[in-house]
Amino acid sequence: SIPAPTGDPEAPLQALIFDSVFNPFRGIIAYYKIVNGTIRKNDFVKFVSTGKEYHADEIGVLKLDMSPREELSAGNVGYIISGIKTSREVRVGDTITHVDRPCKEAIDGFEEVKPMVFAGVYPIETEDFENLRSSLEKLQLNDASLTFTPESSAALGFGFRCGFLGLLHMEIIQERLGREFDMDVITTVPNVSYRVYDKKGVMTEVHNPSGLPDITLIDHIEEPYIRSSVITAADYIGPIMTLCLGKRGELVKQEYISGNRIELTFDMPLGEIVIDFYDKLKSISKGYASFDYHIHDFRESKLVKLDILLNGESVDALSTLTHADNAVTFGRRMCEKLKELIPRQQFDIAIQAAIGAKIIARETIKAVRKDVTAKCYGGDISRKRKLLEKQKKGKKRMKQIGSVEVPQKAFLAVLKLD
């Protein structure tokens with residue numbers, strides 16, 4: 001038998017919000033379970049965590065469809081319609097109570113979600129900016145862990161800086177934007193939040209490499225570390241150890257679970273696993289490795305900002321914060337990859353990776369050239385040289401006024417550096 005619901009119908013109202021949906025005609029409809037107290041139609045209620053107050057225009061229960069009621073008491077699961085217009089005002093886990101007779105405390109367990117991975121999400125067509133905003137707001141309704149703020153990029157125009165719980169969450173949001181809202185978006189390199197301490201000891205959280213203060217003002221930077229657990233067959237220990245240690249991991253412990261299975265526990269920087277770690281782990285273990293992690297702490301690290309320059313112009317969407325030891329190899333790989341992906345233009349394109357004013361890697365995409373010496377057969381070499389010099393001057397002039405178009409796949413290529 002199913003036990004009767006507990007809770008006191010006479011106590012001050014405490015109702016737990018467990019979901020919400022968007023209705024284009026009636027606003028946001030919140031679903032809740034009443035833990036204590038009673039709610040009646042037209043009551044003046046308050047959402048505890050946001051402090052917003054509303055009139056309960058309609059309340060009711062869910063019987064395949066919404067079925068209005070005049071009154072609901074402890075133990076009931078129902079809905080409330082109050083003409084709420086913005087998704088931020090309804091949070092899953094929040095408590096509803098009465099304005100005139102509030103409960104002493106909210107239902108335990110509600111916490112603001114802290115995103116761990118940040119990435120820029122930009123519409124491919126600039127005019128889709130408002131559509132992208134409304135799509136993200138609707139997604140936020142039933143995914144409280146998604147956060148976003150508007151930002152602009154010189155390379156990509158207007159978009160949003162989004163916060164995700166992890167890489168999988170980021171992929172799901174991208175997939176849902178495409179499937180449910182038909183939005184084509186470009187996502188920049190994901191990065192994590194860093195704690196930057198200045199010379200006075202003041203800490204600021206930085207989610208984006210472009211938000212980093214001037215290097216002369218920084219005392220030190222701390223990055224988030226995760227405590228990760230990898231369960232795998234004993235045959236794959238060697239390659240997995242190599243992979244994790246190569247990602248600046250520290251082995252905490254290893255223990256056999258049963259038979260041939262072993263659990264490896266590592267402390268690793270979150271910034272190292274947000275790009276290609278999971279794919280590599282699956283491929284070296286032939287799929288026989290499970291990976292789980294939770295945020296452990298923040299530790300001081302020697303991090304540098306790596307900028308990518310095209311003909312001396314910095315492309316802010318390709319900037320990353322990386323560990324000083326990996327910066328040169330990462331910069332070199334980025335330049336090589338971009339050389340493959342950026343189409344040739346009428347002038348030479350210099351692709352450079354830089355840390356501050358120091359260039360650490362360079363590739364050049366050669367200009368498309370017409371064969372200007374084709375009409376000279378034989379004759380003096382100076383005639384050919386004169387034509388080539390003339391062409392060179394023209395290319396130099398083009399370079400001064402030409403701008404480099406960066407294709408979308410170049411931004412995504414950073415995620416797939418092999």
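Let's start inside: the largest nonpolar core has 31 residues, and I240, F277 and L281 have the most contacts within it. A nonpolar core here is a set of buried Ala, Val, Leu, Ile, Met, Phe, Trp, Tyr and Cys residues joined through side-chain atoms within 4.5 Å. Buried means under 20% relative accessible area, exposed over 50%, and partly exposed in between (1.4 Å probe, protein chains only). Apart from that core lies another one, of 20 residues, among them L13, I28, Y32 and I34. In soluble globular proteins, nonpolar side chains tend to be buried together.

Keep in mind that this is a predicted model, where local features need pLDDT of at least 70, side-chain atom pairs count only at pLDDT 80 or more, and totals for chains, interfaces and linings use all residues. Residues are numbered from 1 along each chain as its sequence is written, and side-chain values use heavy atoms, leaving out hydrogens and water.

V304 stands opposite T322 in β24.

Finally, two loops. N42 lies between β3 (38-40) and β4 (44-47), and its phi is near 70°, a positive value in a residue other than glycine. N42 is exposed, at 52% relative accessible area.

Key:
Two strands pair if DSSP finds at least two bridges between them. Helices (H or I, at least four residues) and strands (E, at least two) are DSSP runs, numbered from the N terminus.
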